[in-house]
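This report goes through a few local details of one protein chain, heading by heading. Please keep the structure in view while reading.

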Amino acid sequence: MDRQMARPASLSFSNLISISLCPSTVQSQNLIADNVSVVEGETATISCRVKNNDDSVIQLLNPNRQTIYFRDVRPLKDARFQLVNFSDNELRVSLSNVSLSDEGRYVCQLYTDPPQEAYADITVLIPPGNPIIESREDIVREGNETEITCTSMGSKPAATIRWMKGDKELQGKSKVEATYDRMFTVTSWLRLTVMREDDGVPVVCIVDHPAVKDFQTQKYLEVQYKPEVTIKVEFPQGLIREGENLELTCQAKGKPQPHQVNWVRVDDDVPSHAVITGSDLFIENLNKSYNGTYRCVVSNSVGETYADYILYVRDSQAGPEAQRLDHAVIGGVVAVVVFAMLCLLIVLGRYFARHKGTYFTHEAKGADDAADADTAIINAEGGHNNSDEKKEYYI
């Protein structure tokens, strides 16, 4: 009976072995962590995530391999670390008031066999200080070259500098210098040749950095240039006649403002009774002897320029009434010429019409005086001298 009872025990043990050897499906566990970039003084969040967790323990270590959180317990005495979320699939921790010393590689660790690790690199961004813009000279003369410098200090990583003049981007030359505290200073130089159109135009230094947006400073160009001169005729308007008065105004714009305006007459003297008041020239009772080129010369500290006005005085009789009289005379002459041409055409037409159908026939000459047909043919061929000429007219 003992042997009978032993057999079932043996079968039971083999059944246990066979059960333990049955294949089972085990899903692999994946540990994931993401890198973090944070601006100095702000808050960074580190997330350790697990796929298909089988109740394995998650912990977070700092760059010195010190445990920050073991499951939901914080062994590290740094109150800036706070638990945001803890579950079977995630351990999420925040770090407030981040400083440059917090930068480094943080370790997410999963207690499996073998243990798994994932890494989250924290990069601390330090924005640059206010950019400083300077120019080699404050005032530039037209056509000269100037140099403008823009400096961005104390940033991490190094900033980049761009230049704009108005709505046009310009290319500068930059240099990056690293400081002892892992910061960077960037200096950019811009050289450009200025024209009068650049006066008052802003040159903008734009600093690009991942920690800041729209960080810029600007400097307005101040360009000096020679005057621009134009002459305006105040009166008279239109053609100028003898006996009329003339007034010209010299208009000038420059930087600095023109300080001297002179009126001269090219190749001759200004009429003795002409009146010059500042930028105005006044001549009364014009005559043809005043014809010529009158020049307005304007200067400032940059240089001198001028503009010319050509005066041409016409006869006083050539006024509106004289013009109307001239037009009437011209119209009468044209009418007479047209009438004469019509008459000539009529006469020529009648003449050609009367002579249009006249021609001569010679085939019947001598035939009227011949006694018979043979004599008529002989007379028609050779009797031209003794026969009369016959004509036919078609009218």
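## A threonine with two polar contacts

The side chains of Thr249 and Glu234 make a polar contact of 2.9 Å. A polar contact here is a pair of N or O atoms within 3.5 Å; within protein, one atom must be able to donate a hydrogen and the other to accept it, and residues adjacent in sequence count only if both atoms are side-chain atoms. The side chain of Thr249 also has a polar contact with the side chain of Asp280, again at 2.9 Å.

Thr249 belongs to strand 21 (residues 246-255). Strands are DSSP runs of E with at least two residues, and they are numbered from the N terminus. With a relative accessible area of 12%, Thr249 is buried. The cut-offs are under 20% relative accessible area for buried and over 50% for exposed, with partly exposed in between (1.4 Å probe, protein chains only). Leaving aside residues up to four places away in sequence, Thr249 touches Thr230, Ile231, Lys232, Glu234, Trp263, Ser279 and Asp280; contact means heavy atoms within 4.5 Å.

## What the model is

This is a predicted model, in which local features need pLDDT of at least 70 and side-chain atom pairs count only at pLDDT 80 or more, while totals for chains, interfaces and linings use all residues. Residues are numbered from 1 along each chain as its sequence is written, and side-chain values use heavy atoms, with hydrogens and water left out.

## Salt bridges

How many salt bridges does the structure hold? There are 20, where a salt bridge is a side-chain nitrogen of Lys or Arg within 4 Å of a carboxyl oxygen of Asp or Glu. One of them pairs Arg105 with Asp121, and the closest N and O atoms are 2.9 Å apart. Arg105 is in strand 8 and Asp121 in strand 9, so this pair ties together parts that are 16 residues apart in sequence. Arg105 is partly exposed at 46% relative accessible area, and Asp121 is partly exposed at 23%.

Another salt bridge joins Glu142 and Arg196, with 3.0 Å between the closest N and O atoms. This pair links distant parts of the chain, 54 residues apart: Glu142 is in the loop between strand 11 (140-141) and strand 12, and Arg196 is in the loop between strand 16 (184-193) and strand 17 (202-209). Glu142 is partly exposed at 26%, whereas Arg196 is buried at 18%. In the salt bridge between Arg265 and Asp268, the closest N and O atoms are 3.9 Å apart. Arg265 is buried at 10%, and Asp268 is partly exposed at 46%.

## Backbone details

Where are the cis peptide bonds to be found? One joins Asp113 and Pro114, with omega about 0°; Pro114 sits in the loop between strand 8 (104-110) and strand 9 (116-125). Another joins Lys156 and Pro157, with omega about -5°. Pro157 sits in the loop between strand 12 (145-155) and strand 13 (160-165).

Asp214 is not a glycine, yet its phi is positive, about 50°. Asp214 is located in strand 18 (residues 212-220) and is exposed, at 75% relative accessibility. Asp267, also not a glycine, has a positive phi of about 65°. Asp267 is in the loop between strand 22 (260-265) and strand 23 (275-277), and counts as exposed at 80% relative accessibility.

Terms used:
Helices (H or I, at least four residues) and strands (E, at least two) are DSSP runs, numbered from the N terminus.
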